[in-house]
Amino acid sequence: MRDLPLYSAAQTRELDRRAIQGLPIAGYALMCRAAVAAWDELRWRRPNPRRIDVVCGPGNNGGDGYVLARLAQADGVEVRVWSLGQPQAGTEAAQALGDWSAVGTTQVYERGCLREATIVVDAIYGTGLSRAPSGLAAEAIEEIRALSGQAFVLAIDLPSGLSADTGQPLGAAVKADLSVSFIGRKLGLYTGAGPELCGEKVFCDLGVPQDEGVEPAATLLDESSLAIRLPKRARTAHKGSSGFVTLAGGDEGYTGAILMATRSALRAGAGMVTVATRGAHAAVLAAAQPEAMFRPTESADDFVARIDKTKVVAIGPGLGQGDWGRALWRAALRSDKPLVVDADALNLLAADPQSCDRRAAPWILTPHPGEAARLLGCTVAEIEADRVAAVREVAHRYGGTVVLKGAGTLVCGQQLAVCPYGNPGMAVGGMGDALTGIIAAFVAQGLAPEPAAQTGVMVHALAGDVAAKAGERGLLPSDLIECLRQIVNPKPEAN
């Protein structure tokens, strides 16, 4: 598969160190390569700029900015360089400042100096930042952020103030239109607030190989892997070989959730879908989706009978937390079937965390941040402050594979994976129910739980992006579900 490595800030610095140590590439040469790459990307998007403002911090990120300023001036562009501190003597950043000073001038940053800027280069902080910006740096970051919509902002390596590890601002953070990163892809650019603050993301390896001696923090899911994950079916395929899914949910007043999960499981390719639901709803649901079987299920014994031949059970959409929902949940826990656990089933698990100790078969938990907070006994703010740590902690406490939904959805099993697809239009009720059905369908079709969760998250997000071409606002789960077939039938790339 072609999923890409993602690195923490420390891992990226180690890649940088190994490149300088193991290859005939001086640190300053790498800095110059980075500046050339960033300047080329900026010119591609803003051809023939009249003037640019470059804001430089005292570290190597500022050094990149000084080199870029020199390149821009050599191309006939008016350049204003604003300093937030002197580089340490003897460093590559000091060398970059010296080379710039031979051809241009540097001014000390002061509030308001960017008021008339149309193109701003953020070269304040790189991956080394570990605390909230303060002083002049914080003022500069706030001023650049206030220019959103007025000036085009290029962030060198990542927006200043953004954590390269968590994807959350450490305090004030730049909002860029374009972020050009180097050496290794940073995990924080792809989850949490990272995608919003980075704008368009471009990666340049600067000719540095991805060192096999540095284990990546995560992988970035890539659409090109779908042809491998979801190969073309054999001509002899039949409904039994395409997988048998049982969904459990749809208590009184919650029929919509289980219907969304049912439809998505079918559109994701499950050969047979049975729904264990309240008897009063069975006929209505069957009329709405005649391709599925809706079985009246009023007790745990009924439920056990329904799942005898199924390959996977997905439980939670519309389950409720009343007596009926708890009875089905306890029966699901006792079963030996793989589980996909969502919505109220997650809430029931959070209310009785020790129940996971009774679980021997594999499961996939799919919490949104609120459900994850209940599972960990903390606040949503604490979950969002470090989504990576949160998903790992849920996986540690409860086992199995965990999907933490949100911007840059995370999948944590044996490894951590990040989904770069999806859009704000998907922030509407029912989207999680659709994801549950999709993941269950892939387990039924033979994928192991972790690949099924990764593939389901990616397919769900890509279908959402297709649906959003008609507009994000007002996008519904049913719109996404209608786009699933073109995503789950990927065309292999030509050799």
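**Helix packing and selected residues in the predicted model**

In this predicted model, helix α2 (residues 27-45) and helix α3 (residues 60-74) approach each other with axes that come within 8 Å and cross at roughly 60°. The two helices α2 and α3 are therefore oblique to each other, since an angle counts as roughly parallel under 35 degrees and as roughly perpendicular from 65 to 115. The crossing in which α2 passes α3 is right-handed. On the α2 side, the contact is made by Tyr 28, Met 31, Cys 32, Ala 34, Ala 35, Val 36, Ala 38 and Trp 39, and on the α3 side by Asn 60, Gly 63, Asp 64, Val 67, Leu 68, Arg 70, Leu 71 and Ala 72. By residue class, this contact of α2 with α3 comprises twelve nonpolar, two polar and two charged residues.

Helix α3 also packs against helix α4 (residues 92-101), and here the axes come within 8 Å and cross at roughly 25°. That angle makes α3 roughly parallel to α4, and the crossing of α3 with α4 is left-handed. The residues that meet in this pair are Asn 60, Gly 63, Tyr 66, Val 67, Ala 69, Arg 70 and Gln 73 in α3, and Glu 92, Ala 93, Ala 96, Leu 97, Asp 99 and Trp 100 in α4. The residues of the contact of α3 with α4 divide into seven nonpolar, three polar and three charged. Asn 60, Gly 63, Val 67 and Arg 70 of α3 take part in the contact with α2 and also in the contact with α4. In the loop between α4 and β4 (106-108) is Gly 104, which counts as buried at 16% relative accessibility. Gly 104 and Lys 311 are separated by 207 residues in sequence and by 69 Å in space, C-alpha to C-alpha.

A further helix pair is formed by helix α11 (residues 323-334) and α12, whose axes come within 10 Å and cross at roughly 80°. This makes α11 roughly perpendicular to α12. Gly 325, Arg 326 and Trp 329 of α11 make the contact with Ala 345, Leu 348 and Leu 349 of α12, a set that divides into four nonpolar residues, one polar and one charged. Helix α12 (residues 343-351) also contains Ala 343, for which phi is near 50°, a positive value in a residue other than glycine. Ala 343 is buried, with a relative accessible area of 15%.

Most residues other than glycine have a negative phi. Leu 206, which is not a glycine, likewise has a positive phi, of about 60°. Leu 206 is placed in the loop between β8 (200-204) and β9 (218-220) and is buried, with a relative accessible area of 11%.

Two helices later in the chain were examined for length and burial. For helix α16 (residues 431-444), the 14 residues should span 20 Å at 1.5 Å a residue, and the end C-alpha atoms are 20 Å apart, in agreement with that value. Because 14 of the 14 residues of α16 are buried, this helix is largely enclosed by the rest of the structure. Gly 446, which follows α16, has a positive phi near 110°. Helix α17 (residues 449-467) has 19 residues and reaches 26 Å from its first C-alpha to its last, close to the 27 Å expected at 1.5 Å a residue. With 15 of its 19 residues buried, α17 is mostly covered.

Within α17 lies Gln 454, which counts as buried at 5% relative accessibility. When residues up to four places away in sequence are not counted, Gln 454 touches Leu 221, Arg 229, Val 411, Gln 415 and Ala 417. Leu 178, in strand β7 (residues 178-182), is also buried, with a relative accessible area of 0%. Apart from neighbours within four places in sequence, Leu 178 is in contact with Glu 41, Leu 42, Arg 45, Phe 152, Val 153, Leu 154, Ala 155, Cys 198, Glu 200 and Val 202. Leu 178 and Gln 454 lie 276 residues apart in sequence, and their C-alpha atoms are 27 Å apart in space.

Definitions and conventions: Residues numbered from 1 in each chain as written. Predicted model: local features only at pLDDT ≥ 70, side-chain atom pairs only at ≥ 80, totals over all residues. Heavy atoms only, no water. Helix = DSSP H or I, 4+ residues; strand = E, 2+ residues; numbered from the N terminus. Expected span 1.5 Å × (residues − 1). Buried < 20%, exposed > 50% of the residue type's maximum accessible area, 1.4 Å probe, protein only. Axes fitted to C-alpha atoms, helices over the stretch in contact; angles between N-to-C directions. Parallel < 35°, antiparallel > 145°, perpendicular 65-115°, else oblique. Left-handed = near helix turned anticlockwise from the far one by under 90°. Contact = heavy atoms within 4.5 Å. Nonpolar A, V, L, I, M, F, W, Y, C, P; charged D, E, K, R; others polar.
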